[in-house]
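Subject: Handover of a structure

Dear colleague,

Please find the sequence and the structure below. A description of what was found follows them.

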Amino acid sequence: MRARRLPLLLSLLLAACLNCAAAGLHWIRDRVELAVDNTVEVVHANFPYRNDGSSPVRVLVARPSCDCLVAGRSAFTVAPGASGSLEVSLRILGQVGALRKELWVATDAPGDVPERLELDVTVSERVAVRPRMLFWTRGESSEPKLVSVSVSPAGAARLVGVRGPASGFVVATQPGKEGGTWQLRIRPSDTRERRSAVATLEFAGVDGVPSHVDVYLVVR
Amino acid sequence: MIRGVIIILLAAMLPALASVALRWERLHGAEAPVVGITYREASRGAVLWLDARPAEDFRRGHVAGAISIADEGWDRTLAVVARRWTPGTRIVVYCAAGCDLAREAAVRLRGDTGLPDIYVLEGGWAAAAGEGAR
């Protein structure tokens with residue numbers, strides 16, 4: 001009786017072991033959501049994982065299709081029972097709104113299928129200064145040019161002053177028609193010579209709002 | 001006869017004039033897309049190269065004289081553009097082929113500076129490297 005049960009027991013044991021090996025890597029989080037201001041240039045996110053199997057798992061991270069998303073590691077091995085996290089960095093270059101980026105990872109566990117990791121970032125623009133550079137060509141009329149400033153929401157911060165520029169440029173600031181907006185009228189004293197300067201807009205407000213934004217002034 | 005020749009010449013110029021008008025609108029329209037440029041065409045005159053790739057890729061190889069946006073950060077990149085730009089200089093942004101980052105950087109740069117002649121390199125770094133750009 002015992003001898004007849006032995007193959008069955010061995011089969012069950014073997015099946016259990018195969019399942020253990022195939023359990024492999026488990027992504028505890030495969031989707032991360034973040035909200036940032038667009039003054040942040042690089043966003044970091046972590047995707048935690050755990051190896052639920054009884055064998056080491058080799059993880060391969062596919063290169064993202066966008067250069068803006070970089071994984072901290074391209075390949076690594078996770079011991080049985082071990083856990084960790086994969087860090088990714090996303091570079092934001094001025095986009096505002098909802099961004100979704102994806103990263104595919106695969107393992108060498110038998111029967112495993114590639115997994116998609118998703119990073120959702122909502123980028124807001126609390127302080128908008130446009131443009132950040134004013135230029136005049138030599139000999140051009142030294143008419144003032146405008147810089148528009150807006151803060152969203154309106155009460156988040158206020159423009160408290162403009163530091164600089166050094167002599168050679170004149171800056172006049174006035175509040176805009178809507179709350180949380182300002183206009184700067186900037187002109188060079190003359191455009192006979194090449195010159196450049198920086199006007200630093202200083203803001204006071206709640207946490208997270210940049211304290212200053214530079215505007216570059218150029219006569220070339 | 002001469003009148004006929006003039007008419008033919010004017011007719012031949014029409015497509016070119018239309019192309020210029022369209023390009024003008026694309027460059028200076030409020031929501032105009034950023035125009036692509038080849039490495040050879042960009043290299044014909046004064047050019048300021050901006051590299052939008054990750055810093056490690058930049059260090060492995062880049063167009064001579066290019067600025068790494070990742071290394072500098074956006075504010076310092078603007079400061080460098082303000083220091084190095086002169087009238088007539090083309091600003092060309094590139095990243096890896098098929099990547100959107102160069103276009104996004106070019107759009108942002110245009111909004112931040114109002115400068116004309118901002119382009120995206122067609123074919124990205126691969127195209128530049130193929131032309132011996134290192």
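This is a predicted model: local features need pLDDT of at least 70, side-chain atom pairs count only at pLDDT 80 or more; totals for chains, interfaces and linings use all residues.

Which residue in β9(A) does E102(A) stand opposite? The residue is E118(A).

Residues are numbered from 1 along each chain as its sequence is written, and chains are lettered from A and ligands numbered from 1 in the order in which they are written.

Chain A is divided into domain 1 (24-124) and domain 2 (127-219); these bounds come from an automatic or database domain assignment. The centres of the two domains, taken over C-alpha atoms, are separated by 40 Å.

Strands (DSSP runs of E, at least two residues) and helices (runs of H or I, at least four residues) are numbered from the N terminus. Two strands pair if DSSP finds at least two bridges between them. Strand β8 (residues 97-107) of chain A is joined to strand β9 (residues 115-124) of chain A by nine bridges, and the two run antiparallel. Strand β4 (residues 57-61) of chain A also pairs with β8(A) in the antiparallel sense, over three bridges; here L60(A) has A106(A) as its bridge partner.

Another part of chain A forms an open sheet of four strands with mixed pairing, in the order β11-β17-β16-β13. Its edge strands, which pair on one side only, are β11 (133-136) and β13 (157-163) of chain A. Within this sheet, β11(A) and β17(A) pair in the parallel sense over four bridges, and W136(A) has V219(A) in β17(A) as its bridge partner. Helix α5 (residues 74-84) of chain B packs on the sheet and touches β11, β16 (195-205) and β17 of chain A. The direction of this helix makes about 10° with that of β17(A); axes are lines fitted to C-alpha atoms, for helices over the stretch in contact, and angles run from 0 to 180 degrees between N-to-C directions.

Between the chains, 19 residues of chain A are in contact with 25 residues of chain B, a contact being two residues whose C-beta atoms, placed from the backbone, lie within 7 Å. Strand β17 (residues 212-219) of chain A gives the most to the side of chain A that touches chain B, with three residues.

Chain B itself has seven helices and five strands, and its elements run α-β-α-β-α-β-α-α-β-α-β-α from the N terminus on.

Yours sincerely
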